[in-house]
Every structure is written in structure tokens, then in C-alpha cells.
Amino acid sequence: MPISDATREEARHLIARYPVARSALLPLLHLVQGEEGYVSEDGIALCAELLHLTKAEVGAVATFYTMYKREPFGDYLLSVCTNPTCAMQGGREIYEAYVDRCGGHIDRDGAGVMVEHAECLGICDAAPVVQVNYEMYGPLTTDEALGLLDKAKAGDPPPSNRSGEVPPSIRQVHREFSGIEDTFGDHLVEAARLQATAEVAPSYRSSETDIPVTHPGGDPAGHGGAAFREVAALDLVPLLGGVGTNGQDPEEDVVDPDRHTPSDEAEAEALEEVGERLAGTEDELAETLTGDRPADPVPAAHDQPPLDPDEGATPAEAGDATEED
Amino acid sequence: MGATAAIIAMSERYGIEGVDDIEVYEQHGGYEGLRRALEMEPTEIIEAVKDAGVRGRGGAGFPTGLKWSFVAQGTGKPIYIVCNADEGEPGTFKDRPIMENDPHQLVEGMIVGGLAINSVQGYIYLRGEFRHAGRQLSKAIAQAYEKGYLGADVMGSGKRFDLTLHRAAGAYICGEETALLDSLEGKRGQPRLRPPFPAAKGLYSCPTTVNNVESIAAVPFILRHGVEWWTQWGTERSTGPKLIGVSGDVANPGNYEVPMGIPMRELIEIAGGMKEGHELKFFCPGGSSTPLLPAAAIDTDYTYEAVIEAGSMLGTGAVMIYSDQRCVVDAVLGWTRFYEHESCGKCTPCREGGYWLAQVLQRIETGTGTMDDLALLQDVCDNIFGRSFCALGDALTSPIVAGLEHFREEFEAHVREGRCPLGVTPPRDDIPTLAVRARDHGNAQVPSFTAEPAGQA
């Protein structure tokens with residue numbers, strides 16, 4: 001089922017809330033799951049198109065996070081905590097009873113439910129805990145938990161005994177998670193516009209973990225030689241006389257050995273004290289104090305894909321355009 | 001449900017009806033810390049946080065003020081403040097109650113933190129599963145915008161600060177700060193190589209600080225009540241009040257607030273003592289990543305330094321209490337499966353080690369392990385600890401190594417008896433015990449150090 005135009009528009013608005021477009025990927029995946037009840041191929045294609053990524057890149061992200069489901073199941077997701085504290089209070093039995101009653105993890109009868117085991121849901125005083133569409137219920141006996149499952153299947157879950165809220169359908173919940181219903185979105189669009197046009201704008205590339213990409217939104221500096229030089233620069237730059245990376249100010253490339261020494265005496269003491277107690281922290285602090293490492297790349301205008309290819313809008317203009325709506 | 005606590009400090013507004021509404025919040029001292037902050041220089045705010053000795057409440061205990069002072073200034077890039085609200089450490093529930101009960105506390109803290117490091121944009125990276133907390137924060141941020149605490153002109157000061165609520169999508173590893181930043185950039189949440197540290201290059205390669213919810217929420221209180229208010233609790237190196245979650249085999253598991261420095265035995269008493277008929281066997285002082293401690297360590301003081309001395313860490317304030325009816329191998333297996341599930345897969349020791357450790361523990365718990373397996377567990381752990389990319393790998397080894405250290409006898413009993421001595425997990429019948437397998441292979445020699453399983457053969 002193709003994603004609706006309305007959703008596409010909302011996706012554009014979400015993208016404009018971030019100074020670097022790709023940040024909107026998790027919200028976008030929530031949004032498309034909000035429309036279809038799961039993340040479909042169409043949903044992935046939409047995210048890829050709007051963020052100028054490949055479908056493989058979007059798929060890699062969608063499969064990393066447990067809240068994105070890759071097949072339709074219906075309206076209610078039941079997550080049973082099976083982490084030790086809940087498990088010992090009966091969580092494991094609840095999970096097994098659920099799988100038993102549903103004949104697997106998905107039962108499309110009635111409203112349709114998916115059952116999953118969850119890791120610690122952060123409400124251990126209510127152990128054992130079950131979430132229905134991310135509303136908390138607990139503590140539950142196995143019988144109570146089965147009753148909850150039956151009500152969810154019937155499309156009529158009771159209010160949470162913790163928040164007092166009745167969980168709406170999974171579509172509505174993911175729509176909410178996308179942030180599109182947050183009423184302060186326009187402020188964020190303006191903020192993103194200002195950041196994207198800052199003196200030195202935020203950049204897409206920020207870590208060695210990036211997947212090499214070759215299309216708009218990617219880092220034209222590449223990830224092979226350039227990234228390597230960057231690492232080498234840490235120790236070798238003084239030796240090499242400051243190999244410039246990515247056309248940055250060569251001065252910044254030179255790692256000044258003096259900068260390893262904290263200037264402030266008191267701070268140095270504090271460092272030492274903390275370092276004594278925290279393994280590895282001393283190095284961390286010293287490195288932090290050396291400040292910037294060379295290599296920064298791409299102006300943000302490249303990062304924020306134009307909202308409409310025809311207009312070829314810069315992020316700034318894009319921000320304005322959305323705001324007028 | 002407030003923290004019915006030994007003390008009431010940061011939880012002071014938990015019980016107040018409607019305090020998630022901005023007007024009620026204002027009537028109870030809300031946004032006074034921000035008002036003070038606007039009268040101060042950024043460095044003065046940082047100094048106050050340093051003087052108070054606030055240490056990061058997310059697990060590592062890194063001094064918050066010091067962290068803020070490292071944020072690179074004057075680079076021309078935007079500076080970001082990111083709140084780590086991805087609370088997921090097993091046993092932890094102290095950030096979610098802040099956000100659900102008193103969401104403005106965090107919003108105010110973010111603005112003050114932004115002022116301290118000259119940031120114009122904050123992100124709250126909220127654990128996706130916390131739907132109610134998300135609702136509360138969304139409402140609070142919207143109200144703060146309406147009232148002019150957020151936006152282009154914070155309280156008429158001419159300073160800009162915006163706050164984005166970013167809901168995550170389920171991955172424990174995103175609680176690691178660089179993985180969080182990658183996730184916030186729309187990528188798989190995998191940790192980054194450091195350096196560069198976020199203070200120099202964090203979000204979008206800009207100077208960034210990442211702080212825990214409780215650390216950030218503490219700052220407005222310190223500005224409002226003064227540094228002495230904060231330091232009236234705790235010890236020299238571990239100051240202030242601490243929100244904790246006590247769970248497991250206690251009479252009243254719950255979210256409590258305690259002064260740093262009290263003996264941990266009192267944490268159990270605050271939670272109503274042990275459950276009827278249960279006796280303390282072991283506990284985790286701060287989540288499953290902090291090595292478990294035997295009952296004998298319960299008189300340790302609840303401070304960063306004393307708990308490290310005792311062989312564990314303060315962690316996230318997740319005090320998990322286990323009684324004599326709980327099998328330590330079962331608990332360790334449960335946590336190991338958790339880390340196995342949550343490993344991001346980036347580095348080999350953690351990705352592969354978690355899988356194999358869970359297999360080995362599973363066979364010990366179900367009565368098909370050998371004495372060699374105990375050495376194997378230790379060996380695999382030694383090869384993960386310190387050799388994985390981020391702290392998740394180290395954390396993975398914590399419960400196992402500590403379990404073997406303090407409860408080796410119980411591991412051995414599983415092997416000797418060919419079953420869980422406490423009967424927590426039924427012995428497997430699909431995999432025969434060693435003795436049975438030996439018999440099936442023409443009475444092959446069973447290694448001499450493996451005792452004959454009781455009732456088998």
C-alpha cells in the first residue's frame with residue numbers, strides 16, 4: 001500500500017525540524033509504521049526517498065531497533081518483561097502462557113496481537129510487567145495477564161493501572177512517537193534553520209562508524225584515505241607538518257602537545273582524582289582537553305536534502321517554506 | 001506514586017496534584033532555578049554545579065560540572081546539550097518517574113544546562129517504550145514554549161533555546177553516549193571510536209554534552225536552594241540526594257530518594273525489609289552492569305567510593321535484591337541473555353562472546369554443564385573485558401565474573417548434581433547429562449573432576 005500524500009507532507013515537516021535531515025529517520029520510521037501498522041517496503045522507500053538514502057541504509061536502521069516491526073500483526077503489541085527481576089516474579093510464565101494461547105507470536109484473530117518478550121521496561125516495582133502498546137500493566141498474575149491478552153484481542157484493553165490510560169491502536173501510538181503531534185514543531189523548524197545556517201554549520205559526517213555513501217547527504221570526503229589520515233593525524237600531524245584534511249584550516253590540524261596539559265591547576269587535580277576512581281577516564285579527559293581533532297567536512301546545506309527537488313531549496317528556504325504552512 | 005522516602009529533595013513535587021501543569025509547577029518553585037541562571041554567567045553556573053559535586057547519575061559518576069566545562073567554546077559551530085533519557089539498565093526506574101511525575105523539572109534543567117554551555121538547542125533522547133513519559137514531556141515542552149521559557153527569547157533575556165523531544169525505537173545500547181548520538185543522527189545506534197569525544201565533536205560533529213535525566217534535573221534545585229542545600233547530604237566525594245529504585249525480594253519495591261552515604265542495609269529497610277520468609281542472598285547495587293555482591297557486603301556505605309571498594313559500582317541507582325530462594329546461575333543467565341540481545345554487533349568480543357556465554361550458562365543451569373565450563377566462562381569473560389569497543393562488553397562480564405567469585409560453590413553444585421539445586425529451572429531431558437552420555441558411549445571415561453550426577457546413570 002503506497003504511503004499517503006498526507007503522510008508524505010508530515011514527513012517533510014519532521015525532516016525540517018532537524019538541522020541535519022537524516023536525524024529525522026527514526027521519527028519517520030515511526031510515522032510510516034503509524035500509517036501501516038508496521039514498517040513496509042513502501043515505508044522504507046519513502047524514508048529513503050525523502051532523506052536521499054538508499055533503501056538498504058534505511059533497512060539497516062529499521063532492523064536495528066526492536067520497536068519497528070517488519071510484518072503486519074494487527075492493533076496491539078504485548079511486550080512481556082522477561083529480565084531477571086520480572087522473570088523471578090512470574091514474567092517467564094506469562095510469556096510462555098501468551099505464546100501458548102496465541103499459538104506463536106502473532107495471532108491475527110480479532111483485533112490482532114503480537115506477543116514479544118521485552119528487556120527491562122524500567123518499572124521493576126511493578127514486576128512482573130506487561131506493556132500493551134507501550135502502556136504499563138503490573139504487577140500481574142498469569143491469569144490477569146491472560147485476561148489482558150483476551151481483552152486486547154477483543155479490541156478492548158483496559159486502562160493501564162499505572163498511567164490510567166487506555167492504549168490506542170499501535171498505529172496511533174507510533175504516529176505519536178514520530179513527534180508529529182507535538183505542538184511545538186514550528187519552533188523546532190525555525191531552530192533547525194538557524195543552526196543549519198550557523199557560522200560553521202552542523203555536518204552530517206561525525207564519526208568513524210559511518211557507512212560509506214556516495215550520494216547526496218553523504219560525505220564527499222570519503223571514508224577510506226580521508227578517515228585514515230584523520231586517525232593518523234592524532235599522532236603524526238606534527239611530524240607531517242599538518243596534513244590538511246577536507247580543506248580545513250591547517251592550523252587546526254596540528255595537535256599541539258601543550259594542549260594535553262590542562263591549563264587549570266584545580267581542574268588537573270580534579271582530573272587526577274576522578275581518573276583514579278574511574279578506569280580509563282583519565283585518558284578520556286586528557287583527550288577531551290586536546291580539543292578538536294581535524295576533519296570536518298561538509299557544510300550542512302549539502303546535508304539537508306531539498307524538500308522539493310524541483311525547487312532545489314536550501315535548508316534555510318526549506319525551513320521557511322514549511323513554516324508558512 | 002511518589003518516592004515515600006528517607007528524604008525528600010528532588011522528589012519534592014512528586015505528590016503534588018497537577019504539577020505536570022506549568023502553573024502548578026511555578027507555584028512550587030518551578031523555573032526559579034532558571035531565573036537565577038539568567039542572572040549568572042555561564043561559567044558561574046558550571047562552578048555552582050562543580051562546587052555541589054554533582055556526579056553523573058547515569059552510571060559512570062563523572063562530575064557533571066567538569067563535563068560541561070570541557071565543551072568546546074567559540075568554534076563557530078552550534079553547541080548541543082543532549083539528555084540521555086534512554087533509561088534501560090535492568091532494574092533502573094528513577095528517570096522515568098521524574099519525567100512522568102514532574103516533567104518540567106527536566107525541561108527547566110535542560111534550559112539551565114543550555115545556558116551553562118552556551119547551547120541553543122537541546123535534545124531529550126527518550127526511550128521509545130516510555131509512552132507516558134513522552135506524553136508528559138511533550139505537554140511540558142509545549143507549555144514552556146507558550147510561556148516563553150523556551151524559544152527565541154528565554155524569559156525576555158534575548159537568549160534562544162529550543163528543545164526537541166526525540167523518541168527512540170528500542171535499543172539498550174543507545175544509552176551509551178556515542179551510540180546515542182549516532183542514533184540521534186538517524187543511524188544504527190553503535191558506539192563511536194573516541195577520541196574525538198562529544199565535548200569536541202558530538203552531535204553533527206559539533207561540541208556536545210550528553211547528561212543523564214537526574215543529573216540535569218538536579219541543577220535547577222542547586223541554583224534555587226544553593227550549593228549547601230545539595231551538599232548537606234552525602235560524603236565529600238559523593239554528594240547530594242539520590243533517587244533509587246529498589247526491586248526484587250523486598251516487601252515494598254519502589255522508587256525512593258535517599259541521602260548518599262547511608263549503609264545499603266537501610267535501602268532494604270526503606271523498602272519495607274525483605275519479603276516475608278526471604279533472606280538476602282545477593283544484590284546488585286546499581287543495575288545488572290554493576291557486579292553483584294553477596295549479602296555480607298550489605299553494610300557497605302552507599303557512595304561511589306565505598307561501593308567501588310567493595311568490588312562493584314554505584315551504577316544507575318538500581319538496587320536489585322535477591323533472596324535465598326533465587327538461583328544465582330539463573331539470574332546471571334538472564335542478564336547474559338539481556339546483553340546478548342542488546343549487543344549492537346559492532347565488535348567481535350561482545351557480539352560472539354555474549355552468544356557463547358549464554359549457551360554455556362544455559363547448559364550449567366539445566367544440569368548439563370561440566371566443571372570445565374566454569375573455567376571456560378572465566379576465560380571468555382577475560383577475553384571480553386577491556387577488549388570490546390564500549391562498556392557493554394565489560395558489563396556483560398560483570399554478573400558472570402562476580403557470580404563465579406562469590407557463588408562458585410553454587411555453580412559447581414549445578415554441575416555436580418546435574419540440575420539446578422534450587423529447582424528454579426527443570427533439568428533438560430532433551431540433552432542427557434554427562435554420565436548418561438558416557439554410558440551411551442560404552443561407559444566412556446567421564447573426566448574425574450566431574451562428579452557423578454545424583455540420581456542419574
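**Reading the two chains**

Analyst: Of the 325 residues in chain A, 49% are buried. Keep in mind that this is a predicted model.

User: What does the secondary structure of chain A come to?

Analyst: Chain A has 14 helices and 5 strands.

User: How many residues of helix α7 of chain A are buried?

Analyst: A residue counts as buried if 20 or more other C-beta atoms lie within 10 Å of its own. By that test, 6 of the 8 residues in α7(A), residues 170-177, are buried, so the helix is mostly covered. The buried set consists of A:Ile170, A:Val173, A:His174, A:Arg175, A:Glu176 and A:Phe177.

User: Which elements do the buried residues of α7(A) pack against?

Analyst: Elements of both chains take part. From chain A there are α2 (25-36) and β1 (76-81), and from chain B there are α7 (131-146) and β3 (162-167).

User: What follows just after α7(A)?

Analyst: A:Gly179, which takes a positive phi of about 90°.

User: Now the sheet in chain B. What is the order of its strands?

Analyst: The order is β6-β5-β9-β7-β8, an open sheet of 5 strands with mixed pairing. An edge strand pairs on one side only, and here the edge strands are β6 (254-259) and β8 of chain B.

User: How many bridges join strand β5 of chain B to β6(B), and in which sense, parallel or antiparallel?

Analyst: Strand β5, residues 241-248, pairs with β6(B) over 6 bridges in the antiparallel sense.

User: Which strands does β7(B) pair with?

Analyst: One partner is β9 of chain B (residues 318-323), joined to β7(B) by 4 bridges and running antiparallel to it. In that pair, B:Leu280 stands opposite B:Ser323. The other is β8 of chain B (residues 293-294), also antiparallel, with 2 bridges. There B:Phe282 has B:Pro294 as its bridge partner.

User: Is strand β7 of chain B mostly covered or mostly open?

Analyst: In a regular strand the side chains alternate between the two faces of the sheet. Burial is a separate count: 5 of the 5 residues in β7(B), residues 280-284, are buried, and the strand is mostly covered.

Key. Residues numbered from 1 in each chain as written. Chains lettered and ligands numbered in written order. Predicted model: local features only at pLDDT ≥ 70, side-chain atom pairs only at ≥ 80, totals over all residues. Buried ≥ 20, exposed ≤ 12 C-beta atoms within 10 Å, placed from the backbone. Pairing = 2+ DSSP bridges. Contact = placed C-beta atoms within 7 Å.
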